[in-house]
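Hi,

Here's the structure I promised to pass on. Have a look at it first, then read my notes below.

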Amino acid sequence: MKPLLQLKNVVFRVPSLTNPILKNVSLDIYEEDFIVLLGHNGSGKSSLIKMINKSENLSSGKMFIENQDYAFLSHSQVNQRVSTLTEDLSQSTFSKLTVYENCKLASSGPLIKEQELKKKEEEEEEVEEGV
């Protein structure tokens with residue numbers, strides 16, 4: 001089985017620091033894997049997530065999603081395949097949803113996600129109209 005997401009020797013640098021934030025990170029994520037990132041402040045967790053959802057560009061190395069090189073994918077193409085849920089829901093892919101709703105969507109198929117989002121949008125419109 002091939003990984004859905006693959007990182008090969010990924011390095012992430014910022015100009016203001018001498019040492020890279022992430023150095024030679026390699027990771028394979030397979031279908032139905034549940035990933036949790038733990039680490040001290042400044043250890044690169046957020047930087048890794050930002051690279052995975054293409055909010056930041058890697059300095060060197062390679063990333064692949066479904067065997068497609070990230071370098072050739074647009075931000076929107078990546079976001080069709082990757083969603084993130086952070087401790088600050090305003091930064092998550094579906095910021096208007098609760099933690100439970102975000103997790104439920106992440107574990108469902110694309111058609112269910114579309115149906116659930118449409119239902120949620122309709123509910124929000126009803127609430128706004130009733131106010």
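Which residues does Gln 6 touch, not counting residues up to four places away in sequence? They are Leu 27, Asp 28, Lys 62, Met 63 and Phe 64, where contact means heavy atoms within 4.5 Å.

Before you go on: this is a predicted model, so local features need pLDDT of at least 70 and side-chain atom pairs count only at pLDDT 80 or more, while totals for chains, interfaces and linings use all residues. Residues are numbered from 1 along each chain as its sequence is written, and side-chain values use heavy atoms, leaving out hydrogens and water.

Back to Gln 6, then. You'll find Gln 6 in strand 1 (residues 5-12); strands are DSSP runs of E with at least two residues, helices are runs of H or I with at least four, and both are numbered from the N terminus. Gln 6 counts as buried, at 16% relative accessibility (buried is under 20% relative accessible area, exposed over 50%, partly exposed in between, with a 1.4 Å probe and protein chains only). Its side chain also makes a polar contact of 3.2 Å with the side chain of Asp 28 (a pair of N or O atoms within 3.5 Å; within protein, one must be able to donate a hydrogen and the other to accept it, and residues adjacent in sequence count only if both atoms are side-chain atoms).

Lys 62, one of the residues Gln 6 touches, has a salt bridge with Asp 69 at 2.9 Å, N to O (a side-chain nitrogen of Lys or Arg within 4 Å of a carboxyl oxygen of Asp or Glu). The structure holds 1 salt bridge. Lys 62 is partly exposed at 40%, whereas Asp 69 is buried at 14%.

Cheers
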